[in-house]
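Please open the model in a viewer and keep the sequence panel beside it.

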Amino acid sequence: METEVQQARFDIHGLPKIDSISDLAVHTGCPVWQLWNIQLEADDFYRCFDVPKKLGGTRTICAPSPSLKSVQRWVLGSILNQLRVSECCYGFSPGAKLRDHVLQHQNAKAVMT
């Protein structure tokens with residue numbers, strides 16, 4: 001009998017095939033009940049706190065719980081980082097450097113953002 005992990009399916013592009021919350025649970029190793037809790041009570045899975053800024057004031061940081069962070073890292077590594085972006089796009093590529101982006105515009109008369 002196959003284990004749940006062995007039953008994990010992938011689409012033609014090599015990305016995980018996720019048709020249900022059960023599929024997501026199989027791929028991430030996170031129990032279905034916990035994924036439901038994350039979805040229904042998202043605020044409970046973040047810890048928010050303020051940190052001082054260098055030049056005064058504070059910045060609010062909302063850090064995910066370890067279980068949510070685990071699911072987020074799986075989505076990033078198994079789905080988002082697997083998608084190809086245009087060669088003109090630098091901001092969404094792992095290891096992208098601001099300098100590479102800036103060089104594309106160095107002789108431009110104007111840059112619109």
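Two strands are taken as paired if DSSP finds at least two bridges between them. Helices (H or I, at least four residues) and strands (E, at least two) are DSSP runs, numbered from the N terminus. This is a predicted model, in which local features need pLDDT of at least 70, side-chain atom pairs count only at pLDDT 80 or more, and totals for chains, interfaces and linings use all residues. Residues are numbered from 1 along each chain as its sequence is written, and side-chain values use heavy atoms, with hydrogens and water left out.

**The strands.** Select residues 46-52, strand S1, together with residues 58-64, strand S2; the two run antiparallel and are joined by seven bridges. Proline 52 has threonine 58 of S2 as its bridge partner, and aspartate 50 is bridged to threonine 60 of S2. Next, select the turn: five residues separate S1 and S2 in this hairpin, and glycine 56 there has a positive phi of about 100°.

**The disulfide.** Which cysteines does a disulfide join? Select cysteine 48 and cysteine 62, whose sulfur atoms are 2.3 Å apart; a disulfide is here a pair of cysteine sulfur atoms within 2.5 Å. The link of cysteine 48 and cysteine 62 is right-handed, with 110° about the S-S bond. Cysteine 48 belongs to S1 and cysteine 62 to S2, so the pair ties together parts that are 14 residues apart in sequence. A search of the whole structure finds one disulfide.

**The helices.** Now select helix H1 (residues 21-28) and helix H2 (residues 32-40), whose axes come within 9 Å and cross at roughly 115°. Axes are lines fitted to C-alpha atoms, for helices over the stretch in contact, and angles run from 0 to 180 degrees between N-to-C directions. H1 and H2 are therefore roughly perpendicular to each other, a term for angles of 65 to 115 degrees. To view the contact (heavy atoms within 4.5 Å), display Ile21, Ser22, Leu24, Ala25 and Thr28 of H1 with Val32, Leu35 and Trp36 of H2.

Key
Angles under 35 degrees count as roughly parallel, over 145 as roughly antiparallel, 65 to 115 as roughly perpendicular and the rest as oblique.
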